[in-house]
Structure formats: structure tokens, C-alpha cells
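Subject: Structure handover

Hello,

I am passing on the structure we talked about. Please open it beside this email and follow along.

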Amino acid sequence: MAAGGGRRRGGAGAGGGGGGTTTPAAAPPPLLPPLLLLLALPGGGAVAGPEAGGGDSVILGMRLEESTKPAAGDPARGPIRVTEGSEVLLRLYGLGLGPRAGERVAFAELRPANASVGNGTCPERSQDLLVQPGPAEARDTWALLRVRVQPLRKDEQAKTYVLCSQRGPGQPWLPHQGPDGRIVVLEEKKSLLPLWLQVILIAGLLVLSGMFSGLNLGLMALDPMELRIVQNCGTDKEKRYAQKIEPIRRKGNYLLCSLLLGNVLVNTTLTILLDDLIGSGVGAVVASTIGIVIFGEIVPQALCSRHGLAVGANTIVVTKFFMLLTFPLSYPISKLLDCILGQEIGTVYNREKLVEMLKVTEPYNDLVREELNMIQGALELRTKTVEDVMTPLQNCFMINRDAILDFNTMLEIMESGYTRIPVYEDERSNIMDILYVKDLAFVDPDDCTPLKTITKFYNHPIHFVFHDTKLDAMLEEFKKGKSHLAIVQKVNNEGEGDPFYEVLGLVTLEDVIEEIIKSEILDESDMYTDNRSKKRVGNQKNKRDFSAFKDPINEQKVKVSPQLLLAAHRFLSTEVTLFTPNYISEKILLRLLKYSDVIQELKFDEENKRCPRHFLYCKNKAADYFILILQGKVEVEAGKECMKFEAGAFSYYGVMALGSVPGSEIRSPSHVGSLNRSASLSYHERSDSVSSPGSGSNNQLGTGTGAQYVADFSVRALTDLQFVKITRQEYQNGLTASRMDSCPQSPDSTAPKPAAALPEKPEPPAPADETTSLLNERNCLSRRSNHSSALENAI
């Protein structure tokens, strides 16, 4: 009977690849009788060769019972898969098998040249599969065989063998038809390392993967600039960490390539070890992905993003080791990157980014709001111009160049509170000089010094800047010490005509500093918190009132210099008889000259030269006043002949309007033969015999005192005039004050005397401010003449 006449792979557990478990011999499956019946039928079965007879055997199929080295992934259908070097137990099914069935079974190598062998003879039997007798419990329909599988050659991974059988002794060896009669021998999969070593390596590789990933984020995030900053201003621990990291961080591309190569190498090795350990490619990919993501990426990067400096410093030895290990590959790549990308500078913030960074990090840094404003103001200094911070021209305090430095002008300067004041001429935009308040230290308000005299003497330079000048440049100019005030101007091209410089306002050093500190600087004299918004200062309790030093009674309406006032006083007391010390004391005369209406001023009208106000005296008109010309020229017309002549300074008129001197001859001006500036229209000569005013006689004022004086001449102004005008009543009050000042007080005065008793404890003085104290000191100087104060006030 030919072998393979009806292929079968037995019942329960059939299908090859027993999965590595030993299965006991089982009874012939229930399908065997029908198969035998099929073989008995004419033409039934696929047995090649002569018909069966006598002791011939027929092999219908086989299955794998057990294997010492089960093959991985043995399919349920197809050839039986075994592993090289293993020993397997096969169960054969057929007819007439018996205990000696193993002697008629062999295996032949199935090569591609004879893979499609038909009913021909079996190829050369192979010794790679050695058939040995199985257990002695064989039956006529099945038998057990042991097969020892020899190792494959070095370059072979799999080899296929076909089952060959003999029907009887001396019969040809015939191959089993179909894939069920084949055995595939697979290469044995050997583990790379022992299990315990693999587990240790996998754990170590996960740690290295996490370290490389964390250092890649932590170290590369620390740019050289930040490390340099930490070395200079960090804590002691941070300084030590930065000093360790900074040398290798300078080699940025070399460090980056080393970390990335190390990370890739570790992750690849980890995947290979997991594949060898698990034995499944898909399982190894899943396991390595989960391990790398959790322990190699998420955890280390979350840690190093917050503590990268400490982690990098403590693992610096490992980092240097891997840099040395990967040097042959990473160093050339890093040099190529340096050539292409250039040197790594680090994170550099410009002005806008730095300001924004300070704003964003405000809740987390230790800067107070004022410090943050100062830093922001200093950084924004270059982005602003003087036009943004200047005081507009209409809000500036300025002084006219023609002003007189009298009490009112200096009071106005003191109340303004400014130390540098622009001086303009004609228009406010025409700034000519700068007045410093310290220039007024030696100026007496009573001197009525012209402002231009002071400005010409000091001649402070004026600093002009254009409106688009940046504040940092303006600060540098102020730091040079030239001036702390500058005039802001621009070139006006609007309209027709040539361009001109237009003054916009003033900018001071205080304005620039206020812009830096982002706050207003207020002192005791400031009236506004901001010159641009004109918001007034809320509290002005310390504002001083300097008007208390002003003498409203003796204030002169016309300002004359002290020298001219002294000259007028000396001239009257020596040249005019009625004003000599025999009649009026020099002290009373000086007070009389300082009275508000005594010194007057007349502006000459060129268009109407004979205007009535130009006439100081009119011929044949009554007059009760005396006039002394201080400055200017007048025209005098006197006598019946209407003789005219001009007179100048220190000519006087109307002496007879004040009264007559006893023993002196009063003459009409028309009878004066020769007129000069000291005697014109007055007495011809002074009387040498004058009674003392202390004689008590009132006849000195008798002649002409009650009569009304009528001038027989006229005096007309030819230019602007300054003159002294003393009325009869003012002169009479001066005479009375002089007599009372010169007369001693009577010892029998009825003034109440203090009682001669023990002095009572003085009451505490009422609180007085500084102004009151100064006024009290000034009033102490005039207490000696309190008895004549009423008369002086009348003057």
C-alpha cells in the first residue's frame, strides 16, 4: 500500500504545534472507521503504488503531541512547526502500523527544486530529523514516534521537511502528499542576556532616558546670559551650581548633540531589550512607549523645568561622561551647527520686552510699586520727548525785562516759588534772559533796581532745545551743569513767509526726574501737582504771606533810586531855606519824601505838547504846593515880558506857597534879575538871621500862611518828568512833627506811673507766627517817637 493514502491530523488537539505541553496517547479518533471504509472502496484514498496487502502499512496523517522547545506562534493549520535542538513526540494515524512503524518512517529535506514533487519517490532522507521508537503502546491504527531535531546551520533560519514512508520492507520510500505531511524546523530564539540582568538594564535605561530628557530641557533652558546673571546676583548655592554648569553650557551645540544622541541611544536599547524580554514586537513597542513617556519624558521634564539648575549641577559628571562618549559623532555635528547658525548669544531683552516682563512678573517679584515705576520710567526715557513733559508757555511764570525790582515785584517772585525765571521782552515768546532767585540776594527792594541791570550783570546763558529732543539726551545736557532749565522751541513752517523759531514752553531737570520716577515732586512753594494738568495742591498750610513786610502808607507810587532820593533830601536840607534843619528835621524830611504822593512822575505826550497836564504851574492861578524837579526838563515863562527859558533837574518852584520866612524879603519872580537852578522863582537870597523854631513863637509862619498863593509864572514839561511835590498842609504837618520831636517831655507829665509794688508774674505771650515776630522787631525801632505818630500819619 502506498504511503499517504488518506491524510489526517488527528482528533482532539490535532493541528500541530502542541504549545509545549505533553499530551498522553489517545484512542483513534471516531473519524477513522469512515476513512477506512473510504479506502476499501474502489478508487478510494490517495495511496500511490500497488494495492495494499498482507503486512503492508498505510500512514494517513500525523500530529504533534509534545515538544521540549515549543515553537512560538504555531498556527492551528498548516505544517507542524518545531524548534531546532528540540525533541518532539509525533502520533501517526493509518492502517497496519504496529510497534515497528518507526522503521518505515523517515524525513527528507524539501528544497525549492523538488517542492512540487508528485507521486515520485522521496528525495534523499535527511539525518536532521532522527526518528526513534516511541512508547510501546502502539496500535494497528496509530503509533507514537520520537523525533530528535538537529540544530540548523548557522545561516539558516528555517527548513522544511516532508514525511516519507515505506509500505513494507524493500518497498520504495514515498513522500506524503499535501502540507499536512511536512514539518518546519525554526531557529531557536535565544535570549540576549539573563533575565535578572535585563531587568536591571531596563530600569537603568529608563533612568538615563529621563535624565537625558530632563537635562535637555533644564540645561538648554539656562542660556549663558542667565547663568552669568545667577553667578553675579544669585544665592551662594545658585552661584556654585551656575559655576559648574556654565563651562559646558557655553558649548551649547556640543551639549545638545551629546544629550540627544544619548537619549536616542538609550531609548533604542530599551526597546530592543523589551522585545527580547517580552518576545513580541508589538508588546515591546507598547511597553517602551509607556515607559519612555511616563518615566523618560513627563516626570523628568516636569522636575527639571523647575529645578534645572540643581539637577544639572548634580549630574554634571554623567553629562561630561556622555559628552566624551559621543565625542566622535556629536562634536563634528556641533561644529557644523556653529558654522551654520553662528554663536549662541542667549536671551536678550530689548527695552519694550524688559518693561513688559517687569509688568507680567510683578505679582511674583519683590519689587514694590514705586521701584517698578522708576525702572519703567528709566527704560521709557528714550522713547519720550521734551514736548511730552514740558510746561506750556502760557502756564509759565515770566517777568518783563523792563520790570523794576521793587517790593511788589520781588514779592511776586517769592510767592511764585520758582528759582529760575525767564525774562522776556515785548512778547512772552521773546525770552531774552534767565533770572535766578539767588541773584537777588544783594538787591534791596527799596533801591528799585531795574531788572535788566541784574540780568546784564549775571548774564546767565539761555539753553534752547528742539521739541523732539529725547529725554535721555535732555538729561545728559542737564548733567553737564550748564543750566537746569531749557527753552523748548520748534521750527514753524506753517503759513506764508520764512520759517521761524516758535517757543513752545519750558522744561526743567525736575520734569525729567518726575518722568523717571513716575511721580510728582512737590515742595512747600508748589501750587500745582502737575503743570500740565494744572491740578492744585490740596494742602497749602505752610504758604507764607510776605505782604506783611510791605508798608502801605509810606509806599512810593513812583520808584526812584535810593541815590536820587538821598540827593533830593540833601539838596532840600541845604539849599531851600524852609527845609533846612532850623525848620524841619532831617528825619522828618526823609519821611516826608518817602510819602506815597510826594514824588510823582509825568509822561510827556509828544503829539499834544501843550496838553494841560504838562503844566505844573499856570500863570495867575492859585497853587498851594512846592515842586522840585528831579529828572527831565521844563520851560518857564515869567514876567510881563513873558520871558521863557528852560530849566533842568534840581530846579524848584513855589516856595512862597508853603509860607514866608521872617525877616526875609519876598520878591516876585518877575523881579529876579538872574535865575539859576537853586534860586529860580524863589527867594533871592537866604536870610542869615533866622529865629530858632524852638522859641515858641508862631510868627515864623505868619506871613503868607493864611493867604492864598497865586503864581505869576508858568512851568511846562518838555520831557518825561520826575519831581517832588509837597503841599502846604504836608509841610505844616512836617513842621509840627519836627517841633514835637525836638521838645523834651515835661517832668510833670500826667501819664500814669506804675505802682511801686511787687512785680506780678507776667502772663505768657500769645503765640505769634514768624511774620509777626519780624514785624515786632521792626516796630521796636520806632517806639521812641510814638508820641508823634498821629501827626506823621497825617502827613
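Which residue in β3 is the bridge partner of L64? The partner of L64 is L90. Please keep in mind that this is a predicted model.

Some overall figures come before the details. The chain has 795 residues, and 39% of them are buried. Its secondary structure comes to 20 helices and 30 strands. Take the contacts between residues at least 6 apart in sequence: 72% of these join residues at least 24 apart.

The sheet with β1

In general, the strands of a sheet pair through backbone hydrogen bonds, and the pairing can be parallel or antiparallel. Here, β1 and β3 are part of an open sheet of four strands, with the order β1-β3-β6-β5 and antiparallel pairing. Which strands are at the edges? They are β1 (58–67) and β5 (129–133), each of which pairs on one side only. On average, neighbouring strands of this sheet are turned by 35 degrees against each other, if direction is ignored.

Strand β18 and its partners

Strand β18 covers residues 500–508 and pairs with β10 (residues 391–392) in the antiparallel sense, over two bridges. In that pairing, T391 has L506 of β18 as its bridge partner. Strand β17 (residues 485–492) also pairs with β18 in the antiparallel sense, over eight bridges. One example to look up is V491, whose bridge partner in β18 is Y501.

Helix α12

Helix α12 runs over residues 407–416, and its residues T409, M410, L411, I413 and S416 are buried. What covers these buried residues? The cover includes the strands β11 (399–400), β12 (404–405), β13 (420–425) and β14 (427–436). After α12 comes G417, which has a positive phi, near 85 degrees.

F723 lies in strand β30 (residues 721–727). Is F723 buried or exposed? F723 counts as buried because its relative accessibility is 4%, and the cut-off for buried is under 20%. Apart from neighbours within four places in sequence, F723 is in contact with V598, I599, Q600, L602, L616, I627, L628, I629 and L630. One of these, L602, is 121 residues from F723 in sequence, yet the C-alpha atoms of the two are 8.4 Å apart in space.

Cavities

How many cavities of 30 Å³ or more does a search of the whole structure find? The search finds two. The largest cavity has a volume of about 40 Å³. Its lining consists of R610, F615, E635, E637, S714, V715 and R716. Two elements give two or more residues to this lining, namely β25 (634–638) and β29 (713–717). The largest share, three residues, comes from β29.

To find your way around, you could begin with L64 and L90 in the structure, which are bridge partners, and then go on to F723 in β30.

Regards

Definitions and conventions. Residues numbered from 1 in each chain as written. Predicted model: local features only at pLDDT ≥ 70, side-chain atom pairs only at ≥ 80, totals over all residues. Heavy atoms only, no water. Pairing = 2+ DSSP bridges. Axes fitted to C-alpha atoms, helices over the stretch in contact; angles between N-to-C directions. Buried < 20%, exposed > 50% of the residue type's maximum accessible area, 1.4 Å probe, protein only. Contact = heavy atoms within 4.5 Å. 1 Å grid on protein atoms, 1.4 Å probe; cavity = no way out; pocket = protein on both sides within 12 Å on 5 of 7 lines; lining within 4 Å. Points joined across faces, edges and corners; volume = space filled by probe spheres on them.
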